[in-house]
Structure formats: structure tokens, C-alpha cells
Amino acid sequence: MSDGLVRLLDGNMFVVSEETGDIDASPTIPTGFFSFDTRFLSKWILSINGQRVNALTVEEVEYFESRFVVVPILPNPLLDVGVSAIRDRSIGGSFNERLTVINHQPEPVDLRIRIDVESDFADLFEIKDVRNKRGRYYFRIDGGCLRLGYQREAFCRETLVSSSAPARVDERGLTYHVRLGPHGQWFTDLHVRALGLGGRDLRESLEGRPGRTTEQIRQDLADRLAEAPSLTCDSPTLAMTYRRSLADLAALHFAPLIAGTHAIPAAGLPWFMAIFGRDSILTSIQALPFAPDLAATTLRMLAVRQGSVLDDFREEEPGKILHEMRYGETTAFEEQPHAPYFGSADATPLYVILLDEYERWTGDGALVRSLERSARAALHWIDEYGDIMGDGYVWYQRRNELNGLENQCWKDSWDSISFRDGRLPSLPRATCELQGYAYDAKIRGARLAREFWHDPAYADRLEQQAADLKQRFNRDFWVCDGEYYALALDGDGRQVDALSSNIGHLLWSGIVDESRAGKIAEHLLGPQLFSGWGVRTLAQGQGRYNPIGYHVGTVWPFDNSFIAWGLRRYGFHQEAGHIAEGIIDAAEHFDGRLPEAFGGYERTLTRYPVLYPTACSPQAWSTGTPLLLLRTMLGMEPRGEHLVTRPAVPPSMGRIELLHIPGRWGRAGALGRAHPK
């Protein structure tokens with residue numbers, strides 16, 4: 001299933017083009033060559049003898065390289081094609097393209113080959129309107145290279161285009177006059193570099209090192225695949241999706257300066273190729289048995305940037321974990337608050353959850369001890385700043401009224417939190433899953449305090465707070481006439497009574513009373529929420545339900561992976577496997593790369609998952625989804641143990657065996673194994 005765009009990426013450097021390889025920037029879709037939230041190419045168009053090209057085929061070799069075979073658009077489509085071109089493209093350190101033009105005729109041909117080039121230097125936040133830039137544009141021709149630039153005070157970005165073959169260079173591109181002999185070939189290697197102030201490589205400035213070469217990226221991918229647990233299974237779709245997930249985790253490799261020599265996953269291409277606290281934490285949880293280094297780096301990096309002061313513009317508070325960090329022009333001039341921005345209420349308790357889960361899998365007590373101060377600060381934030389209303393719940397209400405997020409849970413679009421009849425609730429809001437995360441963070445924080453920080457009194461206090469929260473939550477959030485938990489409480493303390501997927505997150509947090517878990521499972525797999533492909537974000541029949549609404553009816557793979565994990569925790573093995581089956585079936589239609597979201601249409605109605613129009617792909621926590629589903633289906637537990645209860649593998653998937661390698665978890669052996677009867 002294709003949207004007609006081709007993507008190459010390496011961390012937060014990426015290219016999005018048409019299937020011809022051309023880039024012609026759209027006012028709504030972020031096509032172009034981007035690095036650190038700035039578009040360095042807004043036009044990159046090939047023409048031969050004045051004719052643009054048509055695509056014959058495009059092949060994604062890997063996430064960082066692709067091949068386009070194109071021909072000039074002919075005035076008469078019945079004429080034989082006399083000339084074709086191959087565009088071998090890669091990304092790594094720079095945007096690279098080898099252009100090969102082939103003459104298929106028995107006589108020589110004279111060609112005018114042209115690459116039109118433009119750079120609008122749009123910030124990602126400006127994609128829909130770059131007409132009001134406040135700086136100045138300039139260009140220079142230096143030694144046969146085209147240098148396009150933009151400067152606003154000390155903020156400077158430059159695009160440097162070079163070619164291995166001699167070209168006539170002007171401010172709008174490069175032209176080659178080529179005579180090709182009979183069946184002859186001509187090629188040139190084109191390089192496009194993203195530069196910052198002083199003409200310095202942007203990655204070197206902001207990551208402290210030059211970008212990786214294509215060869216280094218290829219080797220890093222090979223190493224990651226070799227180090228990952230080995231999957232043997234009967235399902236070709238599961239095998240394809242597993243390999244794709246490991247590769248996409250490598251593709252989203254982002255190594256900002258504060259991360260040292262390691263990397264964390266960027267959130268998603270194209271809109272969110274940046275550090276996101278919530279996304280990095282949840283992806284790290286999903287990937288723990290497969291890539292524990294992501295969790296360690298995420299924990300360290302988020303600790304470095306943890307909130308320490310009160311700042312209304314950035315919504316920073318002491319102990320709070322950041323939401324998002326950007327590097328573009330609008331952030332540099334404080335037109336956006338993302339340097340960093342702290343507008344999420346869930347990243348902070350999730351930080352403690354990840355720290356505990358990481359230690360359970362790795363036994364790395366040293367990291368737990370080194371991050372004690374950060375974890376304690378996060379736990380303190382839950383009570384001191386998260387509890388706006390003073391009633392023991394975690395609430396949110398933006399303090400940045402200009403451009404802060406209105407909803408600061410994972411469903412952070414403006415209309416995602418609503419009553420059953422579609423009305424929007426008053427602020428502040430306390431969504432149900434925030435309370436589950438806070439409960440889980442306190443339980444896990446107590447274990448860390450008792451076993452690693454040698455503070456049993458603090459552990460006892462956290463456990464008592466968690467018990468009180470669980471009792472209070474099960475009283476105040478339970479919707480009696482629907483027998484499910486409310487989506488939220490509003491500022492007046494009323495239940496926001498829409499039926500939503502958020503109730504599934506309560507299961508993996510453990511805050512649900514055992515007596516009520518069965519009803520929650522019934523709702524999650526019932527016709528209002530379950531589409532056949534997965535659990536919808538909002539149930540059919542709710543006032544704002546829309547199968548292609550961002551958070552009001554679509555299916556989010558990551559959401560489903562945590563729901564399945566929670567169902568398994570409460571003993572609903574068959575239900576967990578049913579969700580896993582639907583999501584893996586959907587992955588087949590996306591060539592193994594699960595998108596950020598897809599339509600919530602009934603499976604029997606469309607017979608295939610409907611792509612959400614602007615879904616990120618790849619997206620970090622969608623990439624992590626198959627990994628957590630594997631862990632759930634096989635009943636995998638930390639440190640090589642696995643459950644002896646019956647597996648949650650649906651019969652359609654047959655045999656699944658996951659073996660870890662020596663050295664990562666100790667001796668080689670099964671992380672999980674399930675065989676059909």
C-alpha cells in the first residue's frame with residue numbers, strides 16, 4: 001500500500017520525494033530534504049531535453065538508499081523510449097544521488113540534462129506557509145558548486161550542491177550538455193550538504209560529530225540485525241514485519257549531542273523527526289528485550305534535560321520530563337516553545353516505569369542508582385505539580401496559552417477528549433491512563449527505593465499512595481451505566497464518559513480491580529471498539545467518532561500493543577492474541593511497516609486497512625509494536641524467564657520461537673516459544 005511518496009532517512013535527516021525521485025515542495029506535505037527541522041531542498045527536479053520524467057520503477061533497497069528508473073515524458077506515448085535514466089539515491093552524512101543516463105539508440109544523441117534546485121529553508125512548523133520568512137536568502141557559485149543560503153541574525157542555514165561531472169551552474173540549478181554515443185552511458189555523482197553557521201556541517205554542530213556515511217549506516221544495520229534475537233515462525237507476515245521493525249528502529253537512530261555516542265529513536269517521519277519524551281520512553285519499553293541500549297540512552301538523555309525551573313512558555317516544572325525538542329528557526333527565535341517543550345503530563349511517570357522495566361530486563365542496578373535523583377524528582381512531580389486540583393490525581397492544563405498543547409496526554413489533538421455525546425470537557429482534565437501511569441510509577445518507584453536506594457520508608461510511602469490512588473480511581477472513574485472507566489474527569493469533577501481505547505492502558509498499569517477486568521476486556525474486543533484490525537481510539541456510537549479522525553476512531557498500532565500487553569497481564573490470553581493477530585494481519589498490507597495510524601473502518605467493510613492520510617511512517621512506537629506483541633504472545637518475562645501458562649499466540653500464526661544470542665542475556669536460549677497443538 002503506497003501513498004506515492006518515497007522516503008529515505010537516517011535519524012533526523014531525511015528525504016521525501018515523488019516516485020520519479022523529483023522533489024517539488026507541497027504547501028501541505030513535507031516533501032524535500034530535511035535536517036534538524038529545516039528543509040534544505042524544496043525543489044530537485046530532473047529534466048532531459050526540457051522534458052520532466054516519468055517513473056518506470058522505484059526500489060527501496062534499504063531505508064537509507066533507493067533506486068529510481070525514469071524516462072523523459074514523451075509527446076507521443078506510442079514512440080519508443082530512446083533514453084532512460086537511473087537515479088541511485090542514498091542518505092548518510094549528506095543527500096547523495098548518482099544520476100546515470102543511458103542512450104538506447106544505435107546512433108549518438110545530444111542531451112541537455114538539467115537539475116532544477118531550490119531551497120526555501122522552511123522550518124517544519126512553517127511548511128504550510130513559508131511566505132513570511134524574516135531573514136534574507138542568498139546564493140553563491142563557489143568552484144563549480146551551488147551554495148544557497150538563508151540568514152536571520154545569528155541563525156544561518158546553507159545548502160551546498162556539488163557534482164562530479166562539469167556543469168553550468170546558475171542560481172536555480174545545474175545544466176549538463178552531453179553527447180552520448182550509440183548505446184552509451186553518462187553519469188555524475190551529486191552531493192547535497194546541510195550546513196549551519198560558518199558553513200559547518202549541521203550534524204557536526206548539533207550532534208558533535210559528522211553524519212554517518214552510507215557504508216557506516218549499512219554496517220550499523222547489519223550489526224543491529226545480527227545482535228537481535230532470532231525469530232523462527234510459520235507466519236511470513238510476522239517474519240517480514242519483525243525484520244522491518246528492527247531495520248526501522250535503526251533508521252530512526254537519532255544521536256543528539258546530549259546523548260553522547262549513543263542514540264535514541266526519533267518519533268516519526270516526516271513531522272516528528274525529533275526527540276519526544278513520551279515516544280522515546282514507550283518505544284524503549286516495547287523494544288527492551290530486543291534493543292536495551294535504546295532504553296539506557298533514553299533514560300540518560302531525558303535526565304539531562306529534566307525540568308528544573310518554572311517556565312510558563314515552555315511549561316517546564318521541576319522534575320518534569322520533556323515532551324519535545326526542536327532545532328529549527330521558529331524555536332531559535334522563541335516563536336515556538338520547543339527548546340525544549342514540556343507540555344505532556346504522562347512522560348514523567350512513564351520515565352520511572354521505564355527505569356524499573358529496564359532494570360528488570362538487564363539487571364543494570366548501576367544505572368538505577370545513578371539516576372536516583374532524576375527518578376525521585378519525577379515521582380515528586382506527580383504529587384507536587386501533576387496534582388493541580390489537590391485531590392491525588394494527575395491533571396493537565398496548559399500554561400502557554402499562545403501555542404501550548406491543549407491536550408497533554410498521548411491523544412494530544414484538540415478534540416481527542418470528549419463526552420459520550422461529543423461535547424468537549426472543561427479544563428483542567430485528568431485522563432484515566434494518567435492515573436494508571438502514576439499508580440504504576442509509584443509501585444515501581446517503591447521497588448527501586450527498597451532494592452537500590454536503600455530507603456524503605458520512602459518505598460512504604462509510595463506503596464501506600466499507590467493503594468490509595470487505586471481505591472479512589474476505581475470509585476471515581478467507573479461509569480456505572482456502561483461498566484467501563486471514564487475517559488477523564490473534567491475541571492468540575494464530572495466523568496468524561498466516552499468509551500475509548502484509553503481503558504486498555506489501565507490494564508497494563510495494573511490499576512484495574514480484578515473484578516472489573518473482564519468487563520474491560522469485553523469492551524475492548526467488542527464491536528464498538530474492535531474493528532477486526534485493532535482497537536479503535538474512540539468507540540463507534542460516541543459523538544465524535546470518525547474512522548479517519550486522528551484520535552477519535554482510527555486504530556493506532558502502538559495503542560493496541562500496550563492494550564494486548566495489559567490483557568495478558570490480567571490473564572486474557574486469547575483476547576491479547578486476537579489483537580496481535582489483527583495488527584500483524586494489517587502489517588501485511590503495509591509491507592511490514594506499520595504506520596502511525598490507520599482507519600477504524602470495520603474489517604468486513606473495507607477488507608483492507610485504510611491508510612490515515614498524514615500518518616507518519618516509519619513511526620517509532622509503531623515500529624516497536626510487533627516487538628511488544630511478540631513479547632505478549634510468548635509470555636516473555638525479564639531476564640530470560642518466560643511464563644508457563646498457555647501462550648497467547650493465535651492458531652493462524654502457528655509456530656513462533658524467539659532465541660536470544662549469547663552475551664546479551666547470558667547463555668543462549670529461548671526468550672519465548674509457542675507451538676500449535
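This is a predicted model: local features need pLDDT of at least 70, side-chain atom pairs count only at pLDDT 80 or more; totals for chains, interfaces and linings use all residues.
Residues are numbered from 1 along each chain as its sequence is written, and side-chain values use heavy atoms, with hydrogens and water left out.

**Serine 413**
- Serine 413 sits in the loop between helix 9 (372–384) and strand 23 (430–431), where helices (H or I, at least four residues) and strands (E, at least two) are DSSP runs numbered from the N terminus.
- Serine 413 counts as buried because its relative accessibility is 14%, the class being under 20% relative accessible area, with exposed over 50% and partly exposed in between (1.4 Å probe, protein chains only).
- Beyond neighbours within four places in sequence, serine 413 is in contact with Asn407, Tyr550 and His551, contact meaning heavy atoms within 4.5 Å.
- The side chains of serine 413 and histidine 551 make a polar contact at 2.7 Å; this is a pair of N or O atoms within 3.5 Å, of which, within protein, one must be able to donate a hydrogen and the other to accept it, and residues adjacent in sequence count only if both atoms are side-chain atoms.

**Cysteines**
- A search of the whole structure finds zero disulfides, a disulfide being a pair of cysteine sulfur atoms within 2.5 Å.
- Cysteine 409 is in no disulfide, and its nearest cysteine sulfur, in cysteine 432, is 9.2 Å away.
- Cysteine 409 counts as buried because its relative accessibility is 0%, and cysteine 432 is likewise buried at 0%.

- Nine of the 10 residues of strand 10 (residues 94–103) are buried.
- Strand 10 pairs antiparallel with strand 9 (residues 83–92) over 10 bridges, pairing requiring at least two DSSP bridges, and threonine 100 of strand 10 is the bridge partner of isoleucine 86.
- One residue separates the strands of this hairpin, in which glycine 93 takes a positive phi near 80 degrees.
- Strand 10 also runs antiparallel to strand 17 (residues 185–195), joined by eight bridges, with tryptophan 186 of strand 17 as the bridge partner of valine 101.

- The buried residues of helix 15 include His573, Glu581 and Ile584, and their cover includes helix 3 (236–251) and helix 14 (557–569).
- Just after helix 15, aspartate 591 takes a positive phi of about 55 degrees.
- Phenylalanine 33 touches residues including Met13, Ile91, Phe95 and Val192, leaving aside residues up to four places away in sequence.
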